[in-house]
Amino acid sequence: MTKITEMSDGSKNSYKKTIFSLWNNKKLWTVIIMFIALFLSAFRILDFPEGGSITFMGLFVLWLYTFFYGWKAGLCFSVVFGVLRYIVATYTGEFLLVGVPEKYKMLVLVLEFPVAYGVFFAGGLLASKTQKNSDESIFQIEENNRELIGGYLLGIFLQYVVYVITAIVLYDSRGRGTAENIWYCVRYDAFGLVFEAVLTCLILLIPEVRKGIFYLKFIATHKEEENNL
């Protein structure tokens with residue numbers, strides 16, 4: 001864990017009220033993060049022939065809400081996002097349900113959207129509890145990269161598990177043997193998620209990107225009247 005120190009003490013009073021009068025509004029950030037996550041989910045780098053796609057950091061932006069506000073708020077947000085994501089995927093023709101027997105289609109829909117996106121809340125369980133008397137301020141923000149990146153990767157992994165189990169159990173194997181079908185599902189679902197995770201982590205290697213994220217989290221979650229400002 002490191003410290004980010006960027007502003008002098010003389011600048012505090014001039015920025016304090018301006019920053020926190022508007023931007024510590026949870027409802028505002030809910031709308032902003034939801035909009036950006038949905039937009040990026042529609043901005044697909046690659047579509048798969050049987051459904052699914054790779055997005056540009058769309059899943060990371062989804063994770064940010066849990067990172068900002070904790071796993072309880074993140075669970076509700078992620079499930080709602082999953083429902084809206086289904087609407088976007090249906091509208092854009094991405095969600096094809098190729099190879100799913102008719103009787104399983106509704107179950108697959110629930111698993112691959114509200115459940116598969118809802119699991120991103122689990123990354124919030126890695127969050128360390130904030131101390132009430134923390135000396136963290138907007139001019140000295142704690143940077144916990146394990147929580148930021150580890151929580152995201154946990155969400156990716158759990159989503160991958162949901163996709164693989166759904167594909168193995170509910171999708172038509174199309175004549176593949178059991179072992180061959182399992183291996184096919186493992187490879188197929190890993191391709192997109194691993195690609196997106198690697199791309200996201202490469203971007204997060206840039207120190208300025210990480211500092212900006214922690215700065216936004218502080219702005220979004222701290223109140224103007226708190227003593228540590």
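1. A word on terms before the helices: axes here are lines fitted to C-alpha atoms, for helices over the stretch in contact, and angles run from 0 to 180 degrees between N-to-C directions. Please keep in mind that this is a predicted model, in which local features need pLDDT of at least 70 and side-chain atom pairs count only at pLDDT 80 or more, while totals for chains, interfaces and linings use all residues. Residues are numbered from 1 along each chain as its sequence is written, and side-chain values use heavy atoms, with hydrogens and water left out.

2. The overall layout comes next. The protein has 8 helices and 4 strands, taken as DSSP runs numbered from the N terminus (helices: H or I, at least four residues; strands: E, at least two). Along the sequence, the order is β-α-α-β-β-α-α-α-β-α-α-α. Buried residues (under 20% relative accessible area; exposed is over 50%, partly exposed in between; 1.4 Å probe, protein chains only) make up 44% of the 229 residues of the protein. For contacts (heavy atoms within 4.5 Å) between residues at least 6 apart in sequence, 80% join residues at least 24 apart.

3. Now for a helix pair. Two packed helices are described by the angle between their axes and the distance between the axes. Helix α3 (residues 58-69) and helix α7 (residues 178-204) have axes that come within 9 Å and cross at roughly 70°. That makes α3 roughly perpendicular to α7, on a scale where under 35 degrees is roughly parallel, over 145 roughly antiparallel, 65 to 115 roughly perpendicular and the rest oblique. On the α3 side, Gly-58, Leu-59 and Phe-60 meet Leu-193, Glu-196, Thr-200 and Leu-204 of α7. The contact of α3 with α7 comprises 4 nonpolar, 2 polar and 1 charged residues; here Ala, Val, Leu, Ile, Met, Phe, Trp, Tyr, Cys and Pro count as nonpolar, Asp, Glu, Lys and Arg as charged, and the others, Gly among them, as polar.

4. Aromatic rings deserve a look. Rings of Phe, Tyr and Trp (its six-membered ring) pair if their centres lie within 6.5 Å; planes under 30 degrees apart are stacked, over 60 edge-to-face and the rest tilted. By this rule there are 13 aromatic pairs. Tyr-65 and Tyr-69 form a tilted pair, because their ring centres are 5.0 Å apart and their planes stand at 50°. Both lie in helix α3, 4 residues apart, about one turn of the helix. Tyr-65 is buried at 5% relative accessibility, and Tyr-69 is buried at 18%. In the pair of Tyr-184 and Tyr-188, the ring centres are 5.8 Å apart and the planes are at 25°, so this pair is stacked. Tyr-184 and Tyr-188 are 4 residues apart in helix α7, about one helical turn, and Tyr-188 is partly exposed at 22% relative accessibility. Ring pairs also link Trp-29, Trp-63, Tyr-65, Phe-67, Phe-68, Tyr-69, Phe-77 and Phe-214 into a cluster.

5. Thr-66, in helix α3, is buried at 2% relative accessibility. Leaving aside neighbours within four places in sequence, Thr-66 is in contact with Trp-71, Gly-74, Ser-78, Phe-120, Phe-121 and Gly-124. Thr-166 lies in helix α6 (residues 145-170) and is buried at 3% relative accessibility. The side chain of Thr-166 reaches the backbone oxygen of Val-162 at 2.7 Å. With neighbours within four places in sequence set aside, Thr-166 is in contact with Val-108, Leu-111, Glu-112 and Tyr-171.

6. On backbone angles, most residues other than glycine have a negative phi, and most peptide bonds are trans. Met-57 has a positive phi of about 65° although it is not a glycine; Met-57 is in the loop between β3 (53-55) and α3 and is buried at 11% relative accessibility. Arg-174, also not a glycine, has a positive phi near 55°. Arg-174 sits in the loop between α6 and α7 and is partly exposed, with a relative accessible area of 46%.

7. Which residue has its C-alpha atom 5.8 Å from that of Trp-23, though 197 residues apart along the chain? That residue is Ala-220. Trp-23 is in the loop between α1 (12-20) and α2 (26-42) and is partly exposed at 35% relative accessibility. Not counting residues up to four places away in sequence, Trp-23 touches Leu-28, Trp-29, Ile-32, Ile-219 and Ala-220.

Notes. Polar contact = N/O pair within 3.5 Å; in protein donor to acceptor, adjacent residues only side chain to side chain.
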